[in-house]
Structures are given as C-alpha cells and as structure tokens.
Amino acid sequence: MASPLTPRATDFPRWYQDVIARAELADNGPVRGTMVIRPWGYAIWERLQAEMDRRIKDAGAENAYFPLFIPQSYLQREAEHVEGFSPELAVVTHGGGKQLEEPVVVRPTSETVINSFIAKWVQSYRDLPLLVNQWANVVRWELRPRLFLRTSEFLWQEGHTAHATEADARAYALQILNDVYLQTMVDVLAIPVLIGHKTARERFAGATQTWTCEGMMGDGKALQMGTSHELGQNFAKAFGIQFSDETGAQQYAWQTSWGASTRMIGALIMAHGDDRGLRLPPALAPVEVIVLVIRDDEAVRAAADALVAELRAGGHRVRLDARTDVSFGRRAVDWELKGVPVRVEVGPRDLAEGNVTLVRRDNGTKRAVPLAGVASEVAADLVSAQADLLSSALAQREARTTVVASIEDVPAAAEDGFAVVPWELVGASGEATLAASGLSVRCLQRPDGSLATDAAPDDGGTPEPGLRAVVAKAY
RNA sequence: CGGGGAGUGGCGCAGCGGUAGCGCACCUGCUUUGGGAGCAGGAGGUCGCGGGUUCGAAUCCCGCCUCCCCGACCA
C-alpha cells in the first residue's frame with residue numbers, strides 16, 4: 001500500500017508539510033505567513049499550554065494581558081531592541097479612516113508595553129520581584145514563513161519580570177529555563193533538549209544573556225524551542241523602572257523575559273513524526289486512546305461502548321470511532337496520521353475469544369488482549385509510549401552528535417547532526433565563518449552539558465574557560 | 001532584495017491556436033468493511049489580472065500581480 005505521505009528520507013520538508021495537511025493540524029492563512037490552526041492542532045496546543053501554564057504559575061508568575069497595539073515610540077526607547085525588531089514590524093498607520101498621529105506597531109513581543117507598566121507598579125523593593133506572564137499572539141513580518149516554525153503571527157507565552165538584584169534576575173531566568181521549559185520539553189513533549197547560553201551574535205535584541213533550549217529534529221537540524229533572557233538593566237533604564245531599596249536609595253530593577261511558542265508543535269512533528277504521520281506523546285495527545293469499531297455489529301458496539309466508559313473512568317482521554325460506513329483501513333490510517341498513541345480495535349473475530357486488539361502508534365506493535373485486561377494494558381502502554389518516544393529521540397540525537405577537535409571538522413560533522421567543538425577554537429570570528437556556510441552556534445555549555453555559572457555578559461569579565469559549542473544547521 | 005521555478009475545479013497535475021481534461025477528494029445508489037473498498041451514475045472551472053494579435057486565445061505577444069524553492073533575519 002502506498003504511503004499517504006512523502007517519505008521523510010525522500011524530502012523532509014515536503015514530508016513535514018504533508019503531515020500538517022493530512023493530520024489536519026493547520027492550513028496557510030490568506031495573508032502570507034499567517035496560519036490557521038485547525039481543531040486537532042489547536043487541541044495539542046491547548047494541552048501544551050495547560051502543562052506550561054501550570055509550571056509557570058508554580059514558578060510564581062501571574063497571568064495578565066497587555067494590548068496588541070504599541071506606540072511606535074516605545075520600541076525606540078531601547079536601542080538594540082528597536083534595531084533587532086524594526087525589519088519585521090507590522091505598523092498600523094491608519095485607524096477609523098484617518099491617518100494616525102503616531103503609528104502603532106502590532107506587538108512583535110511585549111517588553112516595551114509591559115515594562116512601561118512595570119515602571120508604574122514598582123516603587124519599592126517590597127514590590128519586587130514582580131512576575132507576570134501573558135498568553136498572546138504576536139506578529140513578526142517574516143520573510144520565509146513555514147507553518148508552526150516561522151509564521152508571521154504566532155501564539156506564545158511571554159513572561160516579564162523585575163528583580164532587585166542581578167543575581168535574583170539570573171536565578172529566575174534559570175528557574176524558568178529549568179523548571180518550565182526544560183521540564184515541559186522533556187516530560188511532556190518527550191524531546192531531549194540541550195540547554196545552554198547563546199553567543200552574543202545569537203542573543204535576543206536588548207538582552208544581556210539568552211538561555212536556550214535546543215532540540216534536534218528528525219533530519220538532524222536544530223530548532224530553538226524556548227528562550228529565557230536576562231535583560232540586565234537595559235529596559236529598566238529605558239522605561240524608568242526604579243525602586244527605593246532598604247536604605248532609601250533609588251535603584252534600577254534587573255529584569256528577565258522568556259517565551260515559548262506554537263513553534264513547539266513544529267518541533268513535536270519533526271522530532272517524533274515518522275512515515276506514517278505524527279506520533280504524539282500521550283501527555284500531549286488530545287485523544288490518548290481511540291476505540292475503533294471494526295464492524296457494525298450489536299455485540300461489538302456494546303463491547304466498544306463499555307470499553308470507552310471504563311477507560312474514561314480510568315482518567316484517560318478516549319474517543320470512539322464507530323463510523324462503520326468508512327472502511328477499517330481508512331480509519332486506521334487516519335488515526336495513525338493524527339498520532340493517537342494507542343488504538344483499541346474491537347471486532348467480532350477477537351470478541352468471539354473475549355479479546356480486543358491493542359496497537360501502539362509509537363512502535364507499531366499489535367497484540368490481542370483479553371477484555372478484562374484492557375484498562376491496565378492501555379495504562380501501561382501510555383506510560384511506556386511516553387518514555388520510549390523520549391529515549392528514541394535521545395538515542396537519535398546521540399547517534400547524530402559528533403565531538404570534534406578542530407573547527408575544520410565542524411562542517412562535515414554538522415552536515416546532518418550536531419557538532420560539538422571547544423568554544424575557544426571557534427570564537428566570534430569562527431562563528432561568522434560558520435554562519436557563511438549555513439551553520440550556527442546553537443548554544444554554549446560545559447563539557448558535561450550543564451550550564452556555565454558565569455556566562456559572561458558582554459560587559460563583564462572573561463568567559464568561563466573550557467566551554468563547548470554546539471554547532472548545527474538550524475530552522 | 002539576489003538566484004531559480006510556477007500560476008488551469010477543494011488538492012495534485014495534463015493540455016500549449018479550434019471553445020477544457022485526468023487522478024484524488026466530493027454527492028447519490030448498490031455491493032462492501034480485520035490495513036487507504038468496488039461498480040454505476042452525478043455535481044463542480046470567468047484557465048492569476050489587464051491589454052494586444054487572430055475569424056477564433058488556457059495556448060502567441062506586452063505589462064502587472066501572486067505564490068513556491070534556494071540565500072541574508074527570526075520564537
């Protein structure tokens with residue numbers, strides 16, 4: 001039987017687009033670069049949102065909402081920030097049929113508006129830390145859009161915080177990196193991301209430090225999946241965020257900002273998808289178990305209904321597919337395309353022996369299970385499917401990671417994977433050379449993969465020695 | 001913005017001077033249903049836009065627009 005998708009090995013980008021179309025995740029919008037997120041894709045996003053939102057709140061941040069429109073002049077208050085974002089701004093010049101006195105930009109990110117309010121709200125060291133998060137859409141006029149990975153409008157969360165000291169700000173940026181992003185990506189998305197800090201070249205516009213999570217996709221390329229920035233006092237000075245400390249002296253606050261977006265769905269597709277479609281980690285699957293009625297038969301239907309009820313009572317997200325006017329093969333293929341982790345097939349042949357068939361999406365295994373044992377088998381399958389997706393992604397990353405000892409060996413090693421090389425051998429000039437051949441330094445980290453404690457912002461001291469650079473092609 | 005390519009039913013394509021067709025999808029009916037069912041019937045298109053050549057243009061000519069792929073930017 002012909003595959004419903006272009007095989008990954010034939011044309012990975014084409015495969016990616018095919019999966020999005022066939023799994024009904026998204027469509028291109030009418031305006032270039034915009035995206036319609038379809039119900040199946042949005043349900044995945046809602047689960048991801050819920051998992052992140054809980055962790056964000058555990059980290060002490062509160063949700064709020066700020067306006068979509070920002071006065072253009074706000075962007076200009078922070079020099080690097082405006083320089084970084086100007087090329088991709090959408091600017092509104094007319095409203096209500098008249099030209100506006102001051103154009104407004106559609107937010108590309110909200111540091112400027114949010115900080116202008118934080119400036120109002122912070123007076124004393126007792127107001128700190130101030131921790132807000134917002135779930136919103138943002139617009140960046142991208143030159144080369146790709147669904148989920150780089151769309152002109154995307155959904156994300158952006159956190160913005162103010163702290164009394166640099167150490168507090170750094171600790172919080174790292175707390176978000178570890179307890180929100182790393183945890184969500186590993187435990188929920190089942191993607192074994194690398195964490196580290198960005199080089200000055202790759203840093204967020206206006207930040208003194210950018211911490212990142214980098215995932216490896218199925219073709220060996222890297223994807224930046226979430227970032228947590230230390231903003232130093234850049235925005236505090238630009239927006240006048242000052243407070244009286246314990247001694248009564250005026251101080252500028254130290255800040256962070258951090259964001260992760262619908263791009264993670266692109267990562268999910270590319271990290272776990274196979275030639276049959278999406279493979280969803282159970283933690284994210286809108287439907288964990290599909291109960292498929294093979295034939296229109298009274299006993300079969302009754303058994304299927306009972307199973308659905310039992311599995312739901314066990315706390316699983318279950319859907320019944322009793323569309324017996326559609327052929328079995330068609331329905332099986334459709335649910336595989338959508339990536340539902342476990343399929344329970346209920347048909348007269350198995351049922352005559354008191355069995356149903358359990359099929360796992362992640363590894364394709366199929367087995368007959370007695371009715372009485374279905375609930376516990378399904379529960380076990382969901383747990384191991386979650387774990388196995390993570391471990392196979394990890395194995396794949398390790399197989400495609402090469403440690404090299406000279407910068408000359410980097411391009412070959414990064415051809416279809418990650419090259420790891422001492423940062424001392426690369427440096428800013430080596431980084432520029434690599435960039436010319438389509439490679440970038442994804443992050444810097446210690447040789448054991450841990451974070452550098454003194455990541456050396458531009459203005460402070462010498463970089464920690466012995467760091468390694470992870471180099472790859474990137475999305 | 002530089003280099004390539006393409007615009008024809010929902011999607012993918014053929015047709016390249018004589019008035020539009022194929023596959024998939026869709027609708028109806030019957031037979032099917034344990035890995036994308038079969039047969040029969042049916043609906044759907046100002047051939048990207050504007051102008052020109054011609055008895056006649058999807059097809060040839062001129063202009064414009066849009067989209068896709070490869071580079072510089074990016075969650």
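Which residue follows helix 14, and is its phi positive or negative? Helix 14 is followed by Gly438, with a positive phi near 80°. Helices here are DSSP runs of H or I with at least four residues, strands are runs of E with at least two, and both are numbered from the N terminus.

Some conventions. This is a predicted model, in which local features need pLDDT of at least 70 and side-chain atom pairs count only at pLDDT 80 or more, while totals for chains, interfaces and linings use all residues. Residues are numbered from 1 along each chain as its sequence is written, chains are lettered from A and ligands numbered from 1 in the order in which they are written, and side-chain values use heavy atoms, with hydrogens and water left out.

Now the layout. Chain A has domain 1 (12–272), domain 2 (289–384) and domain 3 (401–472), with bounds from an automatic or database domain assignment. Between the C-alpha centres of domain 2 and domain 3 there are 48 Å.

Back to helix 14, residues 427–436. Gly427, Gly430, Glu431 and Leu434 are buried, meaning under 20% relative accessible area, where exposed is over 50% and partly exposed is in between (1.4 Å probe, protein chains only). Down the axis of helix 14, the buried residues fall within an arc of 105°, so they line one face; the arc is taken from the directions from the helix axis to the C-beta atoms. On the other side, Ala428, Ser429, Thr433 and Ala436 are exposed. The buried residues pack against helix 13 (410–413), strand 22 (440–445) and strand 23 (468–472), with contact meaning heavy atoms within 4.5 Å.

Next, the RNA. Helix 10 gives the most, six residues.

Last, Gln157, in strand 8 (residues 153–163). Gln157 counts as buried because its relative accessibility is 0%. Its side chain makes a polar contact with the side chain of Asn133 at 2.7 Å, that is, a pair of N or O atoms within 3.5 Å, where within protein one must be able to donate a hydrogen and the other to accept it, and residues adjacent in sequence count only if both atoms are side-chain atoms. The Gln157 side chain also reaches the backbone nitrogen of Ala260 at 3.0 Å.
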